[in-house]
Amino acid sequence: MARRNQKQNKMARISISCMVFMLVALMSVQIVRLNRKNKEYIAKEAALQEQKADEEARQQELEAYEKYTNSQDYIEDTAQSKLGLVYEDEIIFKEKK
């Protein structure tokens, strides 16, 4: 009977050791996958932060341009360049070709 108990104890230890080894292997694989995914997310976050900064800069440029288009300077520049209008007392010099 003692021999039978020893064999059962040995088999139980082997079985438990195999289960623990399999769990450790499974957890290791999951940890590697999660680390890889985390690195991907960090890279994606950095790219999105850069894109956000670019868009904020673009927004500021558009706001400045909108402010300029609502100014008197824009109206005068457009009238001079596109329509060729000048003030009454303004003298225009043209370059000879």
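This is a predicted model: local features need pLDDT of at least 70, side-chain atom pairs count only at pLDDT 80 or more; totals for chains, interfaces and linings use all residues.

## Helices

Just after helix 2, G84 adopts a positive phi of about 75 degrees.

The protein chain contains 2 helices and 0 strands. Its radius of gyration is 38 Å, well over the 13 Å given by the globule rule for 97 residues, so the chain is more spread out than a compact globule.

## Extent and surface

The C-alpha trace spans about 125 × 30 × 15 Å along its principal axes. Of the 97 residues in the protein chain, 1% are buried. The chain exposes about 10100 Å², and 57% of this comes from carbon and sulfur atoms.

## Charges and the salt bridge

The protein chain carries 17 positive and 16 negative charges, whose mean positions lie 35 Å apart.

A search of the whole structure gives 1 salt bridge. It links E55 with R58, with 3.9 Å between the closest N and O atoms. Both residues belong to helix 1 (residues 2-69) and are 3 residues apart, about one turn of the helix. An α-helix has 3.6 residues a turn, so residues three or four places apart point the same way.

E55 has 42% relative accessibility and therefore counts as partly exposed. R58, at 47%, also counts as partly exposed.

Definitions and conventions:
Residues are numbered from 1 along each chain as its sequence is written. Side-chain values use heavy atoms; hydrogens and water are left out. A salt bridge is a side-chain nitrogen of Lys or Arg within 4 Å of a carboxyl oxygen of Asp or Glu. Helices (H or I, at least four residues) and strands (E, at least two) are DSSP runs, numbered from the N terminus. Buried means under 20% relative accessible area, exposed over 50%, partly exposed in between (1.4 Å probe, protein chains only). The radius of gyration is taken over C-alpha atoms; the globule rule is 2.2 Å times the number of residues to the power 0.38. Accessible areas come from the Shrake-Rupley method with a 1.4 Å probe; for residues, only the protein chains shown count as cover. Lys and Arg count as positive and Asp and Glu as negative; His and the chain ends are not counted. The place of a charge is taken as NZ of Lys, CZ of Arg, CG of Asp or CD of Glu.
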